[in-house]
Amino acid sequence: MKSYDVIIVGGGPAGLAAAISAKKEGIDSILIIERDNQLGGILNQCIHNGFGLHTFKEELTGPEYAARFIEQAAELNIEYKLHTMVCDISHDKVVTVMNREEGMVMYQAKAVILAMGCRERPRGALNIPGYRPAGIYSAGTAQRLVNIEGFMPGKKVVILGSGDIGLIMARRMTFEGAKVQCVAEVMPYSGGLKRNIVQCLDDYDIPLYLSHTVIDIEGKDRLTGVVIAEVGPDRKPIPGTEMHYDCDTLLLSVGLIPENELSKKAEVEMSPITNGPIVDESLETNVEGVFACGNVLHVHDLVDYVSEEAALAGKNAAQYVKERYGKDVQKSGEVIEIKATDGARYTVPTSIHMDNMADLLTVRFRVGNVFKDSYISVYFNDERVQHRKKQVMAPGEMEQIILKKKALEDFDGLKTITVKIEEE
Amino acid sequence: MYDIIVIGAGVVGTCVARELSKYQANVCVIDKADDVASGTSKANSGIVHAGYDCKPGTLMAKLNVRGNELLYQLAEELDFPIKKNGSLIVCTIESERGKLDVLLDQANANGVPDARIVERDELLEMEPNLTPNAVAALYVPTGGIICPFNLAIAMGENAAVNGVEFKFETEVKNIVKKDGYYELDTNKGVLETKAVVNAAGVYADVMHNMVSDKKMKIVARKGEYLLMDKELGDYFKATIFPLPGPMGKGVLTAPTIHGNMFVGPSATDIEDKEGVNTTQEIIDDLVQKASASHLTKDRLPMNKVITSFAGLRAHEEHHEFIVEEVADAPGFFDAAGIESPGLTSSPAIAEMLVGLIQDKYNFPKNENFIAKRKGIVHMEDLSMEEKNEMIKKNPQYGNIVCRCEMVTEGEIVDAINRPIGARSLDGVKRRTRQGMGRCQAGFCTPRTMEILSRELGIPMTEITKKGEGSNMLVGKIKED
């Protein structure tokens with residue numbers, strides 16, 4: 001069986017950044033496995049700009065952002081396979097892949113980096129009643145059809161869900177001459193970034209109806225209309241609030257689900273909140289030598305953070321191969337638990353091995369509701385050690401705190417770090 | 001002039017067609033949809049019923065038990081998926097236990113083999129995820145699960161190979177009784193035939209009433225379902241039924257042949273024979289049943305629902321199959337009122353109906369009849385060596401298009417290029433399971449459309465979900 005030091009599953013932004021970072025840490029034997037016909041992942045269909053503000057301090061389109069990483073990977077001679085599907089990852093890191101040329105083959109990895117990204121939640125998961133005609137697309141599928149294939153899925157559009165891809169597609173379809181009538185969002189707040197609401201809806205006078213959902217889908221062959229209604233606090237439709245829209249297209253942007261079927265095969269432990277692996281400060285899962293980063297770990301809203309996170313996973317995977325692989329060396333030092341409570345839904349990571357912690361550790365999280373003029377607080381055991389005011393926090397925007405190793409070391413008897421949202 | 005036109009390419013129509021193809025007759029199957037199994041046959045529970053709940057002495061009882069036997073044999077001949085997982089009819093209220101004995105007596109009277117009552121301890125050992133309220137159950141080992149559309153596809157393909165013609169998107173507008181033959185007025189012109197088989201499902205009454213004075217009424221009885229992720233596929237081994245009620249067999253919880261699990265069906269009589277829409281009320285009710293441990297030990301996790309759908313049963317008011325030559329319309333044969341256990345009974349219905357046809361017409365035997373058919377290779381089911389052999393022969397089998405169900409390009413191409421091959425996305429989906437997984441075709445839709453376009457030699461804009469009027473795209477970008 002052919003073997004590699006690090007196998008990276010997925011050649012999107014996370015996989016690329018992880019590979020580059022592992023290479024820079026001195027690992028030569030790296031393989032990226034990508035199922036599509038090019039590297040870059042979902043960025044290839046994100047032809048709008050706004051990528052890279054944090055990483056490159058300029059506004060790039062998705063393909064441009066991806067190209068920066070693809071070029072770097074090429075310069076570093078990182079090996080990759082396209083058109084190749086990973087069918088299985090075993091607990092002992094045997095990666096089974098399939099493609100046209102080689103058929104089904106197995107590779108042994110010392111370390112595996114999970115970078116499979118996420119998929120869109122389909123209509124079925126929402127139990128929207130009605131018919132099942134043509135013309136209902138997830139926003140990302142429509143984005144691919146328009147931006148990569150050059151086809152129009154429809155001309156008269158309603159969008160359900162205010163996820164970022166849906167917002168971006170509202171603008172994109174408008175550019176292409178479609179009439180986007182409205183965006184309905186079942187929650188009382190948007191699921192997407194504020195900047196996308198302004199730039200993709202407000203600028204084109206597309207109304208956003210919060211606390212509204214689609215309650216009926218009409219049309220036996222091709223979609224002919226939808227009924228939208230307001231929902232109460234229980235998210236059930238309120239009778240009498242129904243609005244009918246004639247439309248030939250319904251785009252769904254109702255959530256992203258980390259794509260962890262392979263992780264589960266490798267017996268990686270999952271968080272029921274993020275639907276991604278549970279990881280420590282190295283972004284290592286419960287399976288030794290298996291790391292995770294990007295949207296497979298938790299869904300991000302900015303690719304810059306994906307790249308940053310993935311670089312950390314790559315670096316730690318390299319370190320694992322060099323220092324721990326095959327040596328029966330465990331991570332040592334005190335283990336500190338990180339908890340999310342009071343409005344903070346989760347954190348990534350959820351634990352820290354003190355000896356392994358870098359000087360600074362970014363902990364990312366999301367809030368479960370809209371908070372105005374509230375504080376992000378960090379507690380070491382029961383003592384509040386960070387308290388930062390934010391004007392607005394929303395579930396659609398990822399938040400972060402930074403932990404200093406020195407502060408953790410200096411705190412006597414530290415067991416638990418808690419992230420909370422507080423009114424004062 | 002055809003010898004026989006079969007109206008309807010559902011499981012009954014295709015089984016009849018295959019049975020007829022054993023004889024030298026000029027047979028044509030017509031259907032208003034673009035594919036086989038597009039009506040009742042595509043959306044049902046996919047159960048091979050054992051025959052315990054039909055009233056003894058009825059045609060339904062006889063054909064159910066015979067159909068059950070035939071299906072397991074035919075599955076080998078025609079290579080369609082079927083599994084004898086057994087059925088359990090579970091009693092959860094001590095005072096209703098007597099109903100199980102009634103069902104057991106019925107099973108015995110109907111000739112259902114090996115049925116027996118299973119007491120609580122054994123029952124919970126068989127199905128540890130069953131509700132602890134279970135008192136006892138009727139266990140019927142010959143109950144099974146099947147893929148209904150692949151039954152129709154297998155039958156249809158085999159019939160086509162044996163010379164039966166298929167005309168799709170052909171809708172019967174009127175039937176005129178002529179002297180010794182029938183004229184079928186369709187949207188594709190007039191077709192003439194000596195005999196007609198009415199296998200039109202929920203429209204069987206419409207067809208029948210065009211030629212007979214003895215009117216028939218078929219009510220569309222809607223059943224809605226929740227389909228759940230494969231993670232729950234082995235939650236139950238057997239098909240779990242509640243005790244039956246007046247509207248049918250009740251809401252079951254069962255594994256599907258493909259390893260998913262479903263909850264359903266509901267039962268609502270509706271006016272619209274095309275009314276396959278799901279409704280909030282019923283979905284809520286199914287969710288409530290599923291999450292309130294109706295038959296299950298646990299509240300089923302509703303975030304594992306991958307889709308909901310509805311199908312229509314062709315309910316005839318006397319709840320009995322009508323398989324006969326229409327008295328006042330010689331040469332017009334009804335296969336009507338084919339509701340549950342119609343799927344199971346379909347090969348037996350065909351056997352009986354073709355028996356009647358042969359009694360009348362006595363077509364000579366088709367000496368070249370090919371009984372066997374090979375289905376589409378499912379790469380996912382093969383060993384690594386077998387997979388590699390396939391890919392070596394045809395690299396398209398190494399290209400996975402649908403990642404949830406691991407369906408390859410090779411399988412999709414085969415599905416399109418077979419006899420009565422797939423013409424639309426739904427056609428590909430039903431033949432290969434492409435798009436049936438947890439992402440519900442989000443990822444593979446554009447890719448499958450490209451393959452359809454290439455193989456059929458039609459532009460992307462002509463690709464449909466399910467035939468005429470269901471185009472996926474409205475045009476190219478930068479175009480008016």
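How many residues of strand β20 (residues 332–336) of chain B are buried? Five of its five residues are, so the strand is mostly covered; buried means under 20% relative accessible area, exposed over 50% and partly exposed in between (1.4 Å probe, protein chains only). This is a predicted model, in which local features need pLDDT of at least 70, side-chain atom pairs count only at pLDDT 80 or more, and totals for chains, interfaces and linings use all residues. Residues are numbered from 1 along each chain as its sequence is written, chains are lettered from A and ligands numbered from 1 in the order in which they are written, and side-chain values use heavy atoms, with hydrogens and water left out.

**Strand β20 of chain B**

- Strands (E, at least two residues) and helices (H or I, at least four) are DSSP runs, numbered from the N terminus.
- In a regular strand, side chains alternate between the two faces of the sheet.
- Both faces of β20(B) are covered. B:Phe332, B:Asp334 and B:Ala336 lie on one side, B:Phe333 and B:Ala335 on the other.

**Its partner strands**

- Two strands pair if DSSP finds at least two bridges between them.
- Strand β12 (residues 189–198) of chain B pairs with β20(B) in the parallel sense, over three bridges. Here B:Val197 has B:Phe333 as its bridge partner.
- Strand β19 (residues 322–325) of chain B pairs with β20(B) in the antiparallel sense, over four bridges. B:Ala335 stands opposite B:Val323.
- The hairpin of β19(B) and β20(B) has six residues between the strands. B:Gly331 takes a positive phi near 85° there.

**Where chain A meets chain B**

- The contact (heavy atoms within 4.5 Å) takes 49 residues from chain A and 59 residues from chain B.
- About 4,500 Å² is buried between the chains, and carbon and sulfur atoms give 55% of that area. Buried area is the accessible area (1.4 Å probe) that two parts lose on being put together, summed over both.
- There are seven salt bridges between chain A and chain B. A salt bridge puts a side-chain nitrogen of Lys or Arg within 4 Å of a carboxyl oxygen of Asp or Glu.
- A:Glu261 and B:Arg438 meet in a salt bridge through their side chains (3.4 Å, N to O).
- Elements giving two or more residues to the side of chain A that touches chain B include β8 (103–114), α3 (139–149) and α6 (261–265) of chain A. α3(A) gives the most, with five residues.

**A pairing across the chains**

- β11(A) and strand β23 (residues 475–476) of chain B pair in the antiparallel sense, over two bridges.
- A:Met152 has B:Gly475 as its bridge partner in β23(B).
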